[in-house]
Amino acid sequence: MQLIRCPWCGPREETEFHPGGPATVPYPADPAALSDADWARFVFVRPNPKGPSREWWAHSAGCRRWFAAERDTRTHRFTGPMTAGAP
Amino acid sequence: MTPTTTPQHFSGLGAHLPEHPEHLWRNPEPKRSYDVVIVGGGGHGLATAHYLARNHGITNVAVLEKGWLAGGNMARNTTLIRSNYLWDESAGIYEHALELWEGLEEDLGYPILFSQRGVLNLAHTEQDVRDSVCRVEANRLNGVDAEWLGPDEVAKVCPIVNVSSDIRYPVQGATFQPRAGIAKHDYVAWGFARRADQAGIDLLQHCEVTGFTTDGDRVTGLRTTRGDIACGTVALCAAGHTSVLLDQLGIAAPLQSHPLQALVSELLEPVHPTIVMSNAVHVYVSQAHKGELVMGAGIDAATGYGQRGSFSIIERQMAAAVELFPVFARAHLLRSWAGVVDVTPDASPIIGRTPYDNVVLNCGWGTGGFKATPGLGWCLAHTIAHGEPHPLVAPFGLDRFTTGALVDEHGAAAVAH
Ligand SMILES: Cc1cc2nc3c(=O)[nH]c(=O)nc-3n(C[C@H](O)[C@H](O)[C@H](O)COP(=O)(O)OP(=O)(O)OC[C@H]3O[C@@H](n4cnc5c(N)ncnc54)[C@H](O)[C@@H]3O)c2cc1C
Ligand SMILES: [Zn+2]
């Protein structure tokens, strides 16, 4: 069982957590100006890197708070600091 | 120390090893240029190569594989073959594939152990029952064999399923597709590879594509670990690693690569005559020809290219399996493994054109592309030969995410595998 370090609670079992996808997709600054292709990209396309990945995680069965983390998708190891709030 | 052992040293052991069997394909040196270069030597790449030669007479073709032939998801899947998907577009391509499976052994001249033992997709809730009956009707309208069975009839098809009402997720019934089945995945890959090789197509192993050279809206060549190769048309069949290639081409596609696990038990005598899938409790089971129970579950929630998944998924899957099949309680797990599957937002594949004129894309089959192997190969070969998507794959273009014409096979079609 992999241990994941929640910034508030410390290391806990992975089953307490929920991945929230890449933390690098900002909401469009001017939504009215978006073309269909831009919307498709915002709604559907996410980075899918093989290597370091900046992601949202939720400690859903613990303190229920979100944090941003860096994880290497080749090894599934958490590699960077966990930061509360914004990525 | 230099090895001095000669075969005579072993003769005393009485081991008379048979002659090494004929190789099924050559291991050629790469040529400098091909009319068609297929990236990825899994089931889809090999089937596409076969049908390029067989249906279109196109044989100046190379299949580039970074590892050994068919060592990716083709070597790791649980071989479920069925066509009972909900939507017309899906029924079209999967039923085409199933019809090809039914004649594939003859076409390839190679045994593939295709066994049409039927699939039960269990329903556990009232909503499951409504969705399942709806899917049976949709299947029939599309000419796909499908029946709705009550719990007693489920027990007749598969006596070891627990259909009592006092379990956590009681079986309320199931859809049944009698023509569904399993095949021997390695033999399928080898059969396609052998035929493609016989037609003169080069299967290049340990040949990883590391980059592309482009000229305007054309890809002119591929950089590989075995040198540069010039190309006419490029077909990407890299499954879980497609995003890595598309990033190099600057093409944005809605793919996420997740670990998907499966496992087998020790060998048992025949106890399980069909295939049972349950989406609600996340397990599916068949019994392979040799006797091992083959079980799969869902993907890990997080993305990952590591070819290993979380133990908690296996734990949950085993709990579900033992509740549905009490006789499995004392079976031992022999081994488990994982592949990397490329999942799309609507759980349907992405096939067809790209922003590059001479690059065609085949990806996004996620947890369920083995069953499509011959059908996809047939249609992708046609797409390459005619420069136009085959009608059966036309609905699956990358542009559907912009037009909104998604083919949403989530849940409703019992979509896993
Ligand atoms: C555990 C598991 C169970 C499954 N069960 C089922 C099932 O029951 N039924 C079903 O229908 N489907 C199932 N699937 C899905 C199915 O295996 C895939 O959808 C299908 O195999 C994908 O097509 P493929 O065979 O061409 O992929 P692969 O065999 O993965 O082929 C892709 C190839 O591309 C190569 N490649 C990648 N990048 C490069 C590069 N840069 N250069 C050169 N080569 C490259 C890879 O090494 C790989 O060999 C399962 C998958 C898994 C992992
Ligand atoms: Zn916490």
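Reader: Is Ile314(B) buried or exposed, going by its relative accessibility?

Author: Buried means under 20% relative accessible area, exposed means over 50%, and partly exposed lies in between (1.4 Å probe, protein chains only). Ile314(B) has 5% relative accessibility and therefore counts as buried. This is a predicted model, in which local features need pLDDT of at least 70, side-chain atom pairs count only at pLDDT 80 or more, and totals for chains, interfaces and linings use all residues; side-chain values use heavy atoms, with hydrogens and water left out. Residues are numbered from 1 along each chain as its sequence is written, while chains are lettered from A and ligands numbered from 1 in the order in which they are written.

Reader: In which element is Ile314(B) found?

Author: Helices (H or I, at least four residues) and strands (E, at least two) are DSSP runs, numbered from the N terminus. Ile314(B) is in helix H8 of chain B, which covers residues 311–324. From Ile314(B) to Gly377(B) there are 63 residues in sequence and 32 Å in space, C-alpha to C-alpha.

Reader: Which class does Pro18(B) fall into, buried or exposed?

Author: Pro18(B) has a relative accessible area of 69%, so it is exposed. Its place is the loop between helix H1 (8–11) and strand E1 (33–39) of chain B. Pro18(B) and Ile160(B) are separated by 142 residues in sequence and by 41 Å between their C-alpha atoms.

Reader: How many residues in sequence, and how many Å in space, lie between Ala372(B) and Ala97(B)?

Author: Ala372(B) and Ala97(B) are 275 residues apart in sequence, with their C-alpha atoms 5.4 Å apart in space. Ala372(B) belongs to the loop between strand E18 (359–363) and helix H9 (373–386) of chain B. With a relative accessible area of 0%, Ala372(B) is buried.

Reader: Now the metal. What are the protein donors of the zinc ion (ligand 2)?

Author: Donors are N, O and S atoms within 2.8 Å of the metal (3.2 Å for Na, K and Ca); water is not among the atoms, so sites may look incomplete. Here the donors are Cys6(A) (SG), Cys9(A) (SG), His59(A) (ND1) and Cys63(A) (SG), at 2.0 to 2.4 Å from the zinc ion. Along the chain they follow the spacing C-x2-C-x49-H-x3-C. Cys9(A) sits in the loop between strand E1 (3–6) and strand E2 (10–13) of chain A, and His59(A) in the loop between strand E4 (52–58) and strand E5 (66–72), so the pair ties together parts that are 50 residues apart in sequence.

Reader: What does the rest of chain A consist of, in helices and strands?

Author: Chain A has one helix and seven strands, in the order β-β-β-α-β-β-β-β from the N terminus on. Of the 87 residues in chain A, 31% are buried. Its C-alpha atoms fill a box of roughly 45 × 25 × 20 Å along the principal axes.

Reader: And ligand 1: how many residues surround it?

Author: A residue is near a molecule or strand if one of its heavy atoms lies within 4 Å of it. There are 39 residues around ligand 1, and the closest are Glu65(B), Met74(B), Thr78(B), Gly369(B) and Lys371(B). A polar contact is a pair of N or O atoms within 3.5 Å; within protein, one must be able to donate a hydrogen and the other to accept it, and residues adjacent in sequence count only if both atoms are side-chain atoms. An N or O atom in the side chain of Glu65(B) is 2.6 Å from an oxygen atom of ligand 1. For Asn73(B), a backbone N or O atom lies 2.9 Å from an oxygen atom of the ligand.

Reader: What does a positive phi at Ala70(B) look like in numbers?

Author: Most residues other than glycine have a negative phi. Ala70(B), not a glycine, has a positive phi of about 55°. Ala70(B) lies in the loop between strand E2 (61–64) and strand E3 (80–81) of chain B, and it is buried at 6% relative accessible area. Leu113(B) also has a positive phi, about 50°, but is partly exposed at 33%.
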